[in-house]
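Student: I am new to this structure. Please walk me through it.
Tutor: Gladly. Here it is.

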Amino acid sequence: MAALPRRIIKEAQRLLQEPVPGISAVPDEQNARYFHVIVTGPADSPFEGGLFKLELFLPEDYPMSAPKVRFITKIYHPNIDRLGRICLDILKDKWSPALQIRTVLLSIQALLSAPNPDDPLANDVAELWKVNEAEAIRNAREWTQRYAMDTSMGILLFIRFL
């Protein structure tokens with residue numbers, strides 16, 4: 001495997017030395033292009049109290065192309081499908097090499113605070129969000145409790161790297 005570009009090393013160091021509040025991103029010991037990410041559900045959102053595991057991978061041509069990011073923890077969200085793929089413009093057509101891993105993770109955290117059912121990836125979730133937002137939020141809270149709160153290992157990982 002080729003040597004890791006200086007930019008990736010610097011970004012990884014900054015994530016560890018100056019962590020983003022509510023986000024832990026740790027490079028994998030075997031592959032420094034792969035990050036183990038934990039995002040805490042934002043306060044005053046249906047995801048509050050949850051610890052969501054994600055994986056982030058930097059392709060060979062990063063930063064010319066966007067990181068690949070997906071949720072491992074199941075989540076009920078109109079912009080995240082059942083496979084954990086995320087509908088977020090900066091991961092697709094609005095990507096710019098000026099953006100960093102940190103920016104991507106902050107944007108994902110913001111997406112948890114402000115779901116956008118008008119640009120869905122999970123159409124059934126988005127439809128419910130539009131016609132009965134209260135029920136969709138109840139579902140999101142229930143999924144958060146079921147899938148994102150039984151994470152004793154995740155809590156240990158999160159605390160260890162903060």
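Tutor: Start with a term: buried means under 20% relative accessible area, exposed over 50%, and partly exposed in between, using a 1.4 Å probe and protein chains only. This is a predicted model, where local features need pLDDT of at least 70, side-chain atom pairs count only at pLDDT 80 or more, and totals for chains, interfaces and linings use all residues. Residues are numbered from 1 along each chain as its sequence is written, and side-chain values use heavy atoms, with hydrogens and water left out.

Student: Is C87 buried or exposed?
Tutor: Look at its relative accessibility, which is 14%. The cut-off for buried is under 20%. C87 therefore counts as buried.

Student: Which residue does UniProt list for "active site"?
Tutor: The entry is unreviewed. UniProt positions use the numbering used here, feature names are shortened, and annotations may be inferred rather than shown by experiment.

Student: Where is C87 found?
Tutor: Helices (H or I, at least four residues) and strands (E, at least two) are DSSP runs, numbered from the N terminus. C87 is found in the loop between β4 (68-71) and α2 (101-113).

Student: What is C87 in contact with, leaving aside its neighbours within four places in sequence?
Tutor: Contact means heavy atoms within 4.5 Å. By that rule, the partners of C87 are N79, K92, L111, D119, P120 and L121.

Student: How many aromatic pairs are there?
Tutor: Rings of Phe, Tyr and Trp (its six-membered ring) pair if their centres lie within 6.5 Å; planes under 30 degrees apart count as stacked, over 60 as edge-to-face and the rest as tilted. By this rule, the count is five.

Student: Why is the pair of F52 and F71 edge-to-face?
Tutor: The ring centres of F52 and F71 are 6.2 Å apart. F52 lies in β3 (residues 51-57) and F71 in β4, so the pair ties together parts 19 residues apart in sequence. F52 is buried at 0% relative accessibility, and F71 is buried at 1%. The pair is edge-to-face because the planes of F52 and F71 stand at 70°.

Student: What kind of aromatic pair do Y62 and W95 form?
Tutor: Their centres are 6.0 Å apart, with 40° between the planes. Y62 is in the loop between β3 and β4, and W95 in the loop between β4 and α2, 33 residues apart. Y62 is buried at 4% relative accessibility, and W95 at 13%. The pair of Y62 and W95 is tilted.
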